[in-house]
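This report looks at charged side-chain pairs and backbone angles. Please view the sequence and the structure first.

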Amino acid sequence: MTRRLLALAGALLLAAPALVCAQGGRGGGRGAQPPQSPKDAAPEDLTGYWVSIVTEDWRFRMITPKKGDYASVPLNADARKVADAWDPAKDEAAGEACKSYGAAGLMRVPGRVNITWADDKTLKIETDAGTQTRLFHFGGKAPEGGDQGWQGYSTAEWQTVGGGRGPDAGPRGGSLKVVTTKLRPGYLRKNGVPYSANTVLTEYYSRTMEPNGDSWLVITTVVDDPTYLNQQFITSTHFKKQADSKGWDPTPCSAK
């Protein structure tokens with residue numbers, strides 16, 4: 001199962017530039033239907049409760065790594081200095097216990113998420129870990145000015161494949177692409193591995209349906225940070241669909 005999900009995540013990342021974006025109905029011509037809302041145009045239903053299944057980086061995600069343990073993250077020298085100076089007590093005193101719950105690290109925090117539509121053009125993700133809320137704006141544009149808080153500002157678009165005309169068109173499917181900017185500086189990992197305000201976070205959300213009835217949400221995450229990273233930091237995170245809200249337990253941010 002894990003190999004299959006990891007292979008899917010890799011394929012999604014490689015194929016993403018070639019996917020065809022379809023956010024509206026057919027245009028042009030007399031009698032054309034009005035464009036669909038992003039909610040109605042969704043090729044996959046991502047809503048509901050999902051629980052994270054830790055299939056990689058267990059020692060970095062399930063426990064807080066020791067200071068200086070930033071293996072596999074392509075940090076530059078400046079970033080290593082920041083990570084080596086990590087002090088959770090100072091973060092707490094400064095009111096910044098949520099540094100590891102910002103958008104660039106949040107989906108890696110074990111817990112549950114609840115995905116709903118805030119309106120026809122805005123998808124909402126709530127996490128019980130850290131009690132955070134992310135808003136994905138379809139057709140939105142990042143506002144001028146500085147950071148927009150721990151979750152920054154996220155623009156979203158559906159990337160669809162299949163579903164064309166004719167008997168051989170095949171089923172329609174696709175993924176959700178989300179680009180987040182305007183982030184408040186935070187941590188990629190709880191032990192102070194930093195990302196900066198210059199970070200551009202790109203994510204691809206795809207749902208699978210397994211023969212046994214299970215459904216998985218695979219999130220491929222690409223972190224670009226010219227301030228602290230020597231190259232892109234790419235991860236794949238897996239969530240399993242729940243039938244209901246069982247286990248949902250909102251908890252505050254923790255710096256340790």
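Does aspartate 147 count as buried, partly exposed or exposed? Aspartate 147 counts as partly exposed, at 39% relative accessibility. The model is a predicted one.

**Salt bridges**

The count of salt bridges comes to seven.

| Pair | Closest N and O atoms |
|---|---|
| Aspartate 147 and arginine 184 | 3.7 Å |
| Lysine 240 and aspartate 214 | 3.6 Å |

Aspartate 147 pairs with arginine 184 in a salt bridge. Aspartate 147 is in the loop between S5 and strand S6, and arginine 184 in the loop between S7 and S8, so the tied parts are 37 residues apart in sequence. Arginine 184 is partly exposed at 30%.

Lysine 240 forms a salt bridge with aspartate 214. Lysine 240 belongs to strand S12 and aspartate 214 to the loop between S10 and strand S11, so the pair links parts 26 residues apart in sequence. Lysine 240 is partly exposed at 29%. Aspartate 214 is partly exposed at 23%. Elsewhere, salt bridges with shared partners join Glu56, Asp57 and Arg108 into one network.

**Positive phi**

Most residues other than glycine have a negative phi. Serine 72 has a positive phi of about 80°. Serine 72 lies in the loop between helix H3 and helix H4, and is exposed at 53%. Lysine 182 has a positive phi near 60°. Lysine 182 lies in the loop between strand S7 and strand S8, and is partly exposed at 23%.

Note on methods: Residues numbered from 1 in each chain as written. Predicted model: local features only at pLDDT ≥ 70, side-chain atom pairs only at ≥ 80, totals over all residues. Heavy atoms only, no water. Helix = DSSP H or I, 4+ residues; strand = E, 2+ residues; numbered from the N terminus. Buried < 20%, exposed > 50% of the residue type's maximum accessible area, 1.4 Å probe, protein only. Salt bridge = Lys/Arg side-chain N within 4 Å of Asp/Glu carboxyl O.
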